[in-house]
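Please prepare a short briefing on local contacts, aromatic pairs and surface features for the structure shown here.

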Amino acid sequence: MKNGMLVAVGGGVGALLRYGMNEMLSYGAIPLSTLLVNIIGSFVLAFLTFSLFREGSHPKMRLFLGTGLCGGFTTMSTYALETVKLLVSNPFAALLYSMLTLFIGVGMAFAGFAAAAQWNNRRRVFK
């Protein structure tokens with residue numbers, strides 16, 4: 001039950017952060033807030049996975065930050081729905097949005113991996 005609470009609280013925090021991002025950014029040709037939460041979440045989850053959560057360490061933080069916060073912050077379902085809506089109204093914007101999400105998201109996950117590698121190397125130096 002404690003693990004479920006960690007995920008629930010982290011998910012609530014992540015959802016509130018996503019809501020805040022939606023409130024700050026207006027909906028233009030493409031849904032910028034969803035694009036940003038997904039690429040930020042890609043970086044953060046990759047960084048956490050390859051730094052703090054390596055080799056099964058910090059299981060409670062993984063549940064709170066990884067599964068909960070990042071899971072609540074990012075959104076595949078909204079991305080899919082917004083893409084379908086754009087396909088109906090503006091197919092070019094739908095294609096652009098899909099490509100930006102895919103390529104920048106994977107690029108940011110790789111950047112998170114690289115940042116974690118740098119962080120891990122620096123941590124070893126200072127031990």
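Leaving aside residues up to four places away in sequence, histidine 58 touches Leu52 and Phe53, where contact means heavy atoms within 4.5 Å. This is a predicted model, in which local features need pLDDT of at least 70 and side-chain atom pairs count only at pLDDT 80 or more, while totals for chains, interfaces and linings use all residues. Residues are numbered from 1 along each chain as its sequence is written, and side-chain values use heavy atoms, with hydrogens and water left out.

**Histidine 58**
- Histidine 58 sits in the loop between H2 and helix H3 (59-73), helices being DSSP runs of H or I with at least four residues, numbered from the N terminus.
- Its relative accessibility of 39% makes histidine 58 partly exposed, the class between buried (under 20% relative accessible area) and exposed (over 50%), with a 1.4 Å probe and protein chains only.

**Aromatic pairs**
- The count comes to 5 aromatic pairs, for which ring centres of Phe, Tyr or Trp (its six-membered ring) must lie within 6.5 Å.
- Phenylalanine 50 and phenylalanine 113 have ring centres 4.8 Å apart and planes at 85 degrees, so this pair is edge-to-face, a label given to planes over 60 degrees apart.
- Because phenylalanine 50 belongs to helix H2 (residues 32-50) and phenylalanine 113 to helix H5 (residues 91-125), the pair ties together parts 63 residues apart in sequence.
- Phenylalanine 50 is partly exposed at 36% relative accessibility, and phenylalanine 113 is partly exposed at 37%.
- Phe43, Phe47 and Trp119 are linked into a cluster by ring pairs.

**Methionine 5**
- Methionine 5, in helix H1 (residues 2-24), is partly exposed at 46% relative accessibility.

Key:
Helices (H or I, at least four residues) and strands (E, at least two) are DSSP runs, numbered from the N terminus. Rings of Phe, Tyr and Trp (its six-membered ring) pair if their centres lie within 6.5 Å; planes under 30 degrees apart count as stacked, over 60 as edge-to-face and the rest as tilted.
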